[in-house]
Amino acid sequence: MPIAPHRIFRSSITNLPLRWVLTVPFILPTIGAVVVVGYLAHRNDQVAVENLGHQLVEETNARVTQELKEYLQTPILINRLNVDAVSQGLLDVENVSALESTLFYRLQQFEQVSAVFFATPQGKFRLVDRLPELHPALYLVIADPPNPEQIFIYRLNSDGSPGELIQTNEGLDVRYDRPWYQRAVATGQPGWNPISQYGSLEFLTLDASQPVYDRATGQLLGVFAVHIRLDYLSEFLHGLNISRDGRVIIMDQSGALIATSTREQLHQFGSGTDYHRQFVQRNIVESQDDLTRSLGEYLRDRTGELDALDALNELDETQNFDFRYNGELQYVKIKPHQDQYGLNWRIVTVIPKSHFSKAIQDNARQTLLLCLLTLATAVLLGMLAADKLTARLAQLNRASQKLAAGNLDQRLPTDSIVYELNGLAKAFNQMADQLQQSFDRIQTALEESEEKFTIVFRTSPDPMAIATLAEGRMLEVNDSLLKFFGYARAEMVGRTALELNLWCSLVQRQHYRALLQRQRSVRNLETQLRTKSGEIKTVLLSAEIRTLEGQDCLIVAHRDITERARLEADRKTTENALRESEERFRQIAENINQLFFVRSAETGQFLYISPAYEKIWGRTCESLYQDPDSWLESLHPDDRLFVLNSIQTQTQGSPTHREYRILRPSGEVRWIAAEISLIVNKTGQTLSYTGFAEDITDRKQTEQALQEREAMLRAIGDNLPKGFIYQRVYEPGKGFYYSYISAGIERLLGLKPETVLENPKAIRGVGFAEDLAHADQVIQESLMHLTPVELQMRNRTINGDIQWSSIRSTPRRLADGRIVWDGIEVDITDLKRAEAALRASEEQFRRAFDDAPTGVSLVRITGQFVKVNARYCDLLGYTEAELLLMTFQEITHPADLDKDLEGLQRMLTGEIDSFQLEKRYITKQGAIVPVLMHAALIYDPDGQPLYSVGHVQDIRDRLKVERMKEEFISVVSHELRTPLTSIRGALGILGSGVFDDRPEKAKHMLQIAINNSDRLVNLVNDILNLERLKSGKVQLVREQCQVADLMHQAIDSVQPIADQAEITLSCIPLFTILWAAPDAIIQTLINLLSNAIKFSSAGGTVWLKAEMKGEWGVGSGEIENREVSKDAAYTRTGTTTGKEQSEPLSFHSSSPAPYILFSIKDQGRGIPQDKLEIIFEQFQQVDVSDSRKKGGTGLGLVICKNIVQQHGGQIWAESRLGEESTFYFTLPLLVGDDHDKADSDCG
Amino acid sequence: MTKRILIVDDEEDIRDVVRVSIEEFAGWLAMTAASGGEGLQIARTEVLDVILMDISMPDMDGFQMCEALKADTQTQNIPVVVLTAKALQDDSDRFAKLDVAGVITKPFNPITVWRQVAEIMDWSI
């Protein structure tokens, strides 16, 4: 529970003097109010001072800026007045006296400037200046061409007229040596110039200059300029009188000081003389004025720049800072000062806070002092008043405290000026009187009580003692106690029970002390204590805490119960032993399932019957106690006599065991086994019978079931149709023998069971040696490790056939060390035959599957592959192992998957039995393979679909043939329709009569029709020729022919077109006999020559050459070893297939037959390398338009190829693009058998 | 207004026949080009009402020329009528994709071929 805050306050603040209670609550608020008022006043002062400071520095800076602006306007104005005067014709700069007078007048008019001057491009220079340091103060400076560097200085009279020449200087040509002239001429504008030396004096000047031009010609007349001495500017700032400790500083962007209100020297002149003195302007951080320099350093540190005040460049806006100088706050304002004439300065105003805050602070200090004075007075008066009030109360307090301390004669005066205090004093005096009387009465009663206690204590028969509570040190003991413990009084008084070793057990002492602590008294605590003689006494200890003579004491009384305690302990021990013994016996008797009983031999009564009787007999124990022979009523009638006889034997004094049946009251039969013993005394007289009886019904039933099962087993063994059962035994020292064999052995092996039982080895006679050896090994293994035996063995039947047996037996080790195999042997000959047939069938299936020319796959209905054959793997590029981890969905082209899955689904729903589909697979390499797939389902014995078997045929070749056919139709269609279009068109136009009156046009149309008819005829002829050649319908009639003749005939045929094309034909004939069809060879040569002529330019040459290659009976000849130059393309085509063509040239490599090599070479445009092979295909020309331009049909080379192939030769072309082409073909020279064969071929 | 027709065909005889057909029977102005490249040049420089174009041509075939015409803003709106001896289904599919105005199969009747063109172009005659 949380404690209220005011309670905590109360508990923490106690015993405060009344004087404090009366004064502190009044003084503390007074002090608080004064402090708060003083703090607020001080804080308001601070804020006011700060605002005032910023305001003042703002105003000062504004005033400085304004006045500086006005000051600096003057030089610009003077120049403008001068220029305006010239422009308006009021001043002629050529008129020297007027010019000088004007300059003098301007200087007089404007006191702020120190010089006004003018210079012309020709070198004329006039300057009027004022030097207040000298007297008289005005001077005229003159320079004229042709010696503009010669300077004359005259004193000026007060009316402006030149006085005496006072100085002549040299070395200054203002046109080159002063920036004011150069800048004005360069810009053509009025403006400020860089700070420069003032003439030959050690002053710095800021100059304003402005050029003046001839209004008519625009020619430069000269430059007017004005000097402002920088020390005048500082003087001007000083004259502003802003504050005694304040500063006004003008500096440029780099921090170089221009002017300050401190009038310090802002520059240093160095080397050089007269007009050419070097000077350095002082930077703000180098200022001689401490405040100015500190400010410069502050600004530098503030920007983080260490070497320059570059940051001032960034001060494009007015900025305020509070900066401390010598611990005093300074209000700083920096304001950029720029004008249109190029001035870019910074005006810095600094005003110390003390400048205006001193008076305010004095005022605040005075206010504070007044507050403190008021406070002190209030505190003093408060304390005096409280002192007066509390003096009487303090007296009352002191008297009360003394009264409380027992000093009862305290009395107070009743003469105070305060009424309430007098009342209080009277009440106190009355109370003190009453207390005195009460005290006297109590004192008397106490003395009487003490006397009674003392008598009781001393005379008590129980040992008693008075001891201190803290230590237990005995203060007083009675005589009974001394007698009880055997100590003298002097031995006990002043000592503790521990010191006297009275406690037998320290644990008991701790318990006793704890009780005292908790309940301040103890009653009859049984405790063992030790007497002086060492005897242990049992006492009942009682004690109580009392305050006697100002200290906590214990009054202790003891009662001796030692004898009583001993008797009690003995009784308890005996009882416990008896109880435990009984309990053990009872538990044994009641928890065993056997009946236990004890029967008196004398009376025949049962002395004890365990509860098991009720369970076994189904009768109560009580009934047996009452009638000891009542158990005989339950005996089974068949066993009654046997039991009564047995009892007779038992009474004659011998222990008895009997097994018999009883009938329970429910009629249930139970088997009982009973064991009876006799207990006799020393004289041999029987005292009682003890017996055990148990229910053995379960055991009896098990024995019976075992007997029945054995009989059944024998019946099964004897009736096994094709087999027998046996029990084989291994007995150490005796070896193996059969203990049982069923009758079936005779039917199976033709051996009688008895024979084998007598001679176990008889059974080996029907076995095969190798099977028996294996069986011995297995049985030996079983003998050692008790492993089951499983064997398949062959036996010879009586008919001499082979019979297969399966033998299974399980070993077990008997307690006597024998090992027994219970086994069965059955005939499995039929099974073996079926297995062999199945294996053969599976092998056939496997071979059909594996060796199938089409891909075959077996997949689950989920798509998972179960089996694939080699062809399937080849087709897809995966291994069998890879495919078995995949599904057919993964390798099916996504676009075909839906069709495939739909087919599968229709099969699964029973709509169709199988389906066929053209689909695409994606191989492992990513290629797409089109296939024709036939799929069907395989079912399990329950008719559930198990697998889908798919036969897959690669249809790439078929599709390729189809595509080629389509392309051929397209090309032929185009080749036929094109000339037909021209013919139809030309004839149609002619037929329309539109050109009836224009015979030349009609003739042209007619010519078109004729040309295209010829083209069509050639094409049809070529196609038919080719078809005949290809189909073999026209057999080439071969005969012996002279190669040279064939070549000449071909040359003769093409000579006219060669002449027409202006082509030279060159022929190198070969004189040898060839076995060939001459017309076909001539046609081949004509075709190749025509092509060569058509593609040659006029003036070119075509060569025809024939050579003998290879040698009779020698190797393959030149063609095999021919080197092909790198830049010469070549191809060949012959009887070989496309695949073989890509191999190295090997014409009849295995047959060293000689051949003739024909070559036709031209100097035409050449053939691109990629076309070299396809030109021998139908309608494949290098250029599609060649058929029109060159008159070919696109079939010539195809016909050549066919003719050469039919002769067993090869044809190819080589070419250098743009240079030449050579067509080669070979014809073999047939000899011997070949000759004869060729003869017969040609009919 | 006289129609301006460009005939593109590598077969000179067919060009002559079509030109006669266009000029003599329809009275239109015919220009001819012997190749796709030549045809493209004329199409870019002349104002044409239709291009009669062969498909099988050397260098640049009719399909390529059509694509080139469509790719050029100057020529993409000139209608194209194909004159072809091609007869396969594949070819027809390609014409459809090229967005040609019509297809006339070779051989054609020279006296009426201009009418076929006019019908395709929906010109009143």
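Me: What share of the residues of chain B count as buried?
Reply: Of its 125 residues, 54% count as buried, where buried means under 20% relative accessible area, exposed means over 50% and partly exposed lies in between, with a 1.4 Å probe and protein chains only. Please keep in mind that this is a predicted model, in which local features need pLDDT of at least 70 and side-chain atom pairs count only at pLDDT 80 or more, while totals for chains, interfaces and linings use all residues. Residues are numbered from 1 along each chain as its sequence is written, chains are lettered from A and ligands numbered from 1 in the order in which they are written, and side-chain values use heavy atoms, with hydrogens and water left out.

Me: How many helices and strands are there in chain B?
Reply: Chain B has 5 helices and 5 strands, and along the sequence they follow the pattern β-α-β-α-β-α-β-α-β-α. Both kinds of element are DSSP runs numbered from the N terminus, helices being H or I with at least four residues and strands E with at least two.

Me: And which residues make the contact between α2(B) and α3(B)?
Reply: The axes of α2(B), residues 36–45, and α3(B) come within 10 Å and cross at roughly 25 degrees; axes are lines fitted to C-alpha atoms, for helices over the stretch in contact, and angles run from 0 to 180 degrees between N-to-C directions. Gly36(B), Gly39(B), Leu40(B) and Ala43(B) of α2(B) meet Met65(B), Ala68(B) and Leu69(B) of α3(B) there, contact meaning heavy atoms within 4.5 Å.

Me: Why do they count as roughly parallel?
Reply: Angles under 35 degrees count as roughly parallel, over 145 as roughly antiparallel, 65 to 115 as roughly perpendicular and the rest as oblique, and α2(B) and α3(B) are therefore roughly parallel to each other.

Me: Switching to salt bridges: which residue does Lys106(B) pair with?
Reply: Lys106(B) forms a salt bridge with Asp54(B), with the closest N and O atoms 3.1 Å apart; the term stands for a side-chain nitrogen of Lys or Arg within 4 Å of a carboxyl oxygen of Asp or Glu. This pair links distant parts of the chain, 52 residues apart, with Lys106(B) in the loop between β5 and α5 of chain B and Asp54(B) in the loop between β3 and α3 of chain B. Both Lys106(B) and Asp54(B) are buried.

Me: Where is Arg670(A), and is it buried or exposed?
Reply: Arg670(A) lies in strand β25 of chain A, residues 669–680, and is buried, with a relative accessible area of 14%. Arg670(A) and Lys700(A) are 30 residues apart in sequence, yet 9.5 Å apart in space, C-alpha to C-alpha.

Me: Last one: how far apart are the end C-alpha atoms of helix α26 of chain A?
Reply: They are 52 Å apart, which agrees with the 54 Å that its 37 residues, 956–992, should span at 1.5 Å a residue; the expected span is 1.5 Å times one less than the number of residues. After α26(A) comes Gly993(A), whose phi is positive, near 80 degrees.
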